[in-house]
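Good morning, everyone, and thank you for making the time.

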Amino acid sequence: MPPQTTLLALALLLCPPALATVVWRGDFETGDLSQWSRTQAVSADRLAVVPSPVSEGKFALKVTVRQGDDPINASGDRAELLYTAPEVAGTERYYRWSTFWAANYPSASTWQLFTQWHHSGSSGSPPVEFYVYGEEVRLRVGGSGSPIIWKAPLVRGKWREFIFHVKWSSNPSVGFVELYLDGQLVLPKKNAVTMFAGQTNYLKQGLYRNSTIAQEGVLFHDGMMLATLLSDVLSSTPPPPPPPPPPTQKPAAVVVDASIKVRPSESPPGSPKATLTAARSEVEPFQVVVHGGSSGATGVSAAAGELKGPCGSIPASSVRLYRVGYLQLTTPSSAEGGTGRWPDPLIPDVDEVALEKRAAFPFAVPANENRVVYAEVQVPPDAAPGPYSGTLTVSGGGLGSVAIPVELLVVDLAMPKSSSLPTSFGLNEADACAAHFGSPAACTAEEADRLRLRYARFLLDHRVSADAVRGGPVEEGSGWNWAAFDARNSPLLDGTAPGLLEGARLGSARLPWRTAVDPLRAWTDHLKSRGWLDRAFDFSCDEPPSTCAWADITSRAALVHAADPGMRTLVTASLQDAAQNGVLGAVDILAPTVNQMHDKPGFGSAYEGNQRPTYDGFLADPKRRLYWRQTCQSHGCNVVGGSYHSGWPSYVIDATGVQNRAMGWLAFSYGIGGELYHRTTHRLKDAWSTVYAFGGNGDGTLLYPGTPAAIGGASHVPVASLRLKMIREGLEDYELLRRVADLGDGAFARSIASGLFPAAYQARQPAEKLAEARGLVIQRLLALEGKSAANPSSALCQTGAPTVEQPPALPSEPGATEEVEDARDQAPPGVLGRIGCSSAPGLLAIALAIWAVVLCPRRSQRKVRLFHRHAAKTPSAGSAAQDESHTRVGGRLSKQSVSAASARRRLSTFWTAACRSPLPAAAHPAPRPLPDPAPDAVPDGPRTRP
């Protein structure tokens, strides 16, 4: 009987299978590195999941290390995987894995670790290490200077199976180790110090070796597992994976919410059609997931037609399509992130800048995987309110032609062209030059400026203002010539640069620093003459005392204010820090982190709880502003963040789409006036392979370089990330919330925003919950505007708006608003708002409405109508009674009969609301002036403390 079979039989007698306790597997049978916590490698090819050679299953890990591979700036060269679940004192464990050394694996008279259990301390030799020395495989336990307790000859070209039994303890009479090699007990149980006092251990596997070794080293690992019983690790064959879903007969396509990140192996539930609601000048996205089924699909393309409505159409060019690309992440941003392929770059079918056809389509979909088409509809500013319908067609080999119905309801609201929430996101044209042409020096001054303008205008089309004001005046005798400066910057500051959102302009302008009053005064005078001063600011200090001394802030602010008292100074600090260091009176704009505005309880933070009320005194001065910023504190600065770094809003790839989108909602909820973000192009040159920086995937890089080599076409353009699209969606959500507040129901808007995100660190919410909250905001906004979601009569489209009595914005009779909703909601779906009221089908709609209002008993109402009922009974906007009314929305309405008089009143209200045409342009409220700008993006340098 083979030794392994003997061991298995003995183990089964001692440990029956019913007691099996496998704790974790790191066997790569997922096809990627997602079972492990993080990686330490200079590039993805150093830790590659491969189909051959394997010890078991379908996949193994190929490890490659070359001289100079030092990903963490420590001693030695390495490529290692980490499983960071801590091993604590007193725990007894069994680890099993197999290792295969390549035929040309180097022989060197120095250390080459292939498996180790590292201590939680940051330096020194680990307490347990398996390594190769010359032609021997060795085990050392107890740290540097401890004896080698086992060794064996190195065998190349053959899988060797290790079973390591250990009890973790710093007490040598308690801790022990035991080792099996290829089924043989080669090291009987031996007491030893297996961990250092006061510390924990974690597993690292790969190859870590002395930097003096010049020859490339290649080995393979497979089958790693952790268990508490010997019987669990003796069987070399892992249990079969869970059965896959029933094989798809053929590839298929479904619609999912744009805020859901769809990974290649995931298939979220979807819908056969896209149902959208948007205001004029708003962009509303959705995704089409194409699943390859059991056979895969080839040559897949997507095309969209125009969307037709009763009073016109939205052209097909307003429906933009993208292929969602994937990045292979080797290190998670935090414990709630992950490795493997994640969706992020959006390769356009036709790009938004040069309007060139690109290489998004066709694409292939592997069997049992999916690929995603991202689509968005930009509603023209002059689109008539009402329903529009069309088709997005996805076709390909094996898939056939799938027609996805697209139904868009354009509500009678206008989204401002520029964000009402000022932003200042960092932009560096040198990054763009390096990404598009190889290096900053490869760009001429004209090419660099062209890229600056393209990238800045592209961000404006996503409602984001970049730090993009450049240059200065030319000195002429005793004066200054501003012509070149104005020509270079006015297209962005005045909103004349061509783009998708015509008229969009920068909401912020960072003042170039000058060290004397007179040059500063020349700047402020010119900015004032052009109407730009109110958006300008001086970035007086970034994260003091890291980049400047607290004492320097007061003197610099005095210089700025001497030039012009209206010029604002900005410091990235909390109110508490500014006050404690005596500079609060010198600062006009404070920009703390999100964490400093409302930190998590239980972590000993001085900012625990909502800090926003403490800023009210500071903001009593009308010149002052409050901004904030999302930083690496969300995911962990240069670490894989743990429990503290979960739930925060974040711009990293492996956060959820809702977390990427949350900042706009939270800014409204907390009463924040603007947002900073340190960079959008930090790793632009490497973006198609990795954007890992500051401990996060994509921290500081929200764009991709759209070179012809990467996306096809002839010109160089920026390419959006999925995260940038979500940021835009959050800024559009902010506009809806703000408009509700401007019309007098801020309490309602705040209740919805805080109900979705109760605290800044609770941003990881389901996409469907966000969609529901957005729908409630739109419903309330329409009621406050006195407008209907239904379309006007098609007959009236030819003659303009009729003269009809408009329903009041806030009904004077309690219950009027929800009764209109009753009529709409109880009618058959698809009837109201889809046909005109002057045609025969329109009369049918009215008849159905009479049936719904008069003959049907009133049932339990939906949440949106309950909100309307309480809003209609609210004494005054912003009052305590109003706040309370928005919390009492969970009850039921009793059944009751409806009198003839009530029915007539309700029908009249319904007719007026559902069948009227849009208000004439002059009747729409004038857009609010843009508020003061956000400050400049945080420059590179020391990042926020973890």
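I will begin with the chain as a whole, then take the disulfides, the helix contacts and some residues in loops.

A word of caution comes before anything else: this is a predicted model, in which local features need pLDDT of at least 70 and side-chain atom pairs count only at pLDDT 80 or more, while totals for chains, interfaces and linings use all residues. Residues are numbered from 1 along each chain as its sequence is written, and side-chain values use heavy atoms, with hydrogens and water left out.

The protein chain has 20 helices and 42 strands, where helices (H or I, at least four residues) and strands (E, at least two) are DSSP runs numbered from the N terminus. Of its 946 residues, 56% count as buried; buried means under 20% relative accessible area, exposed means over 50%, and partly exposed is in between, with a 1.4 Å probe and protein chains only. Among contacts between residues at least 6 apart in sequence, 72% join residues at least 24 apart, a contact being heavy atoms within 4.5 Å.

Let me turn to the cysteines. How many disulfides does the structure hold? There are 3 disulfides, a disulfide being taken here as a pair of cysteine sulfur atoms within 2.5 Å.

One of them joins Cys433 to Cys443, with an S to S distance of 2.2 Å, and because the torsion about the S-S bond is about -110 degrees, this disulfide is left-handed. The pair links distant parts of the chain, with Cys433 in helix α3 (residues 429-437) and Cys443 in the loop between α3 and α4 (445-460), 10 residues apart. Both Cys433 and Cys443 are buried.

In another, the sulfur atoms of Cys541 and Cys548 are 1.7 Å apart, and the torsion about their S-S bond is about -115 degrees, so this disulfide is left-handed. Cys541 and Cys548 are both buried. A disulfide also joins Cys632 to Cys637, S to S 1.9 Å, and here the angle about the S-S bond is 90 degrees and the link is right-handed. Cys632 and Cys637 are likewise buried.

Next come the helix contacts. Two packed helices are described by the angle between their axes and the distance between the axes. The axes here are lines fitted to C-alpha atoms, for helices over the stretch in contact, and angles run from 0 to 180 degrees between N-to-C directions.

Helix α11 (residues 657-670) and helix α13 (residues 722-742) have axes that come within 7 Å and cross at roughly 25 degrees, and α11 and α13 are therefore roughly parallel to each other. Angles under 35 degrees count as roughly parallel, over 145 as roughly antiparallel, 65 to 115 as roughly perpendicular, and the rest as oblique. Among the residues that meet are Trp665 and Phe668 in α11, and Met726, Tyr734 and Leu737 in α13. By class, the contact of α11 with α13 has 8 nonpolar, 4 polar and 5 charged residues, where Ala, Val, Leu, Ile, Met, Phe, Trp, Tyr, Cys and Pro count as nonpolar, Asp, Glu, Lys and Arg as charged, and the others, Gly among them, as polar.

What does α13 do with helix α15 (residues 767-785)? Their axes come within 9 Å and cross at roughly 40 degrees, and α13 and α15 are therefore oblique to each other. Residues in this contact include Leu736 and Val740 in α13, and Leu770, Val777 and Leu781 in α15. The contact of α13 with α15 divides into 8 nonpolar, no polar and 5 charged residues.

Finally, the loops. Val262 lies in the loop between β16 (252-256) and β17 (274-280), and Val262 is buried, with a relative accessible area of 1%. The C-alpha atoms of Val262 and Pro343 are separated by 6.7 Å, although these residues are 81 apart along the chain.

Leu355, in the loop between β23 (340-348) and β24 (363-365), has a positive phi near 60 degrees, but Leu355 is exposed, with a relative accessible area of 59%.
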